[in-house]
Amino acid sequence: MYDTTLSDSFKKVKKWATELKAFNPNTIIVLAGNKADLRKFDIDRDTVMQYAEEINAKHYYTSAKTGEGLNELFTSITTDLAKSLKTKSGNKRITVKIDGPVSQVEKKKCC
């Protein structure tokens, strides 16, 4: 996950992805650009998408504040994980239960 308003955070994601792939080349990586609700992008979207394609990763714009993109992100992660587990288990049946969509995050009042 990186902060869409800080390009340095995307540089760190690149470093982490490289480390993960070095540790295990089969690691499934999903990139999430957080703070998408602010609509301020310090990282060029084409650059982000090109990088995601280069490392064979999915990418989602998300907001921890509003919940934007979180259902899609976590559905993708659980689906990919279930496929991976099924392959590793020799195609035995694996069930992943999802209770339903994530509800909108309630705004909390300060103090």
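Arg 39 sits in the loop that runs between β2 (30-34) and α2 (45-54), where helices (H or I, at least four residues) and strands (E, at least two) are DSSP runs numbered from the N terminus. The model is a predicted one, in which local features need pLDDT of at least 70 and side-chain atom pairs count only at pLDDT 80 or more, while totals for chains, interfaces and linings use all residues. Residues are numbered from 1 along each chain as its sequence is written, and side-chain values use heavy atoms, with hydrogens and water left out.

Although Arg 39 is not a glycine, its phi is positive, at about 55°, and with 53% relative accessibility Arg 39 counts as exposed (buried means under 20% relative accessible area, exposed over 50%, partly exposed in between, with a 1.4 Å probe and protein chains only). Asn 56, in the loop between α2 and β3 (58-61), is likewise not a glycine and has a positive phi of about 60°; its relative accessible area of 69% makes Asn 56 exposed.

Of its 111 residues, 30% count as buried, and the accessible surface, computed by the Shrake-Rupley method with a 1.4 Å probe and with only the protein chains shown counting as cover for residues, comes to about 8400 Å², of which 55% belongs to carbon and sulfur atoms. Among contacts (heavy atoms within 4.5 Å) with a separation of 6 or more, 68% are between residues 24 or more positions apart.

Asp 3, in strand β1 (residues 2-3), is buried, because its relative accessible area is 12%. Leaving aside residues up to four places away in sequence, Asp 3 touches Ser 9, Asn 34, Lys 35 and Ile 43. The side chains of Asp 3 and Lys 35 are also joined by a polar contact of 3.1 Å, a term for a pair of N or O atoms within 3.5 Å, where within protein one must be able to donate a hydrogen and the other to accept it, and residues adjacent in sequence count only if both atoms are side-chain atoms.

The largest pocket is lined by 11 residues, among which Asn 26, Thr 27, Ile 28, Leu 81 and Ser 84 lie nearest its centre. A pocket here is an open set of points on a 1 Å grid over the protein atoms alone, where a 1.4 Å probe fits, with protein on both sides within 12 Å along at least five of seven lines, and lining residues have an atom within 4 Å of a point. Helix α3 (residues 70-88) gives the most to this lining, with 6 residues.
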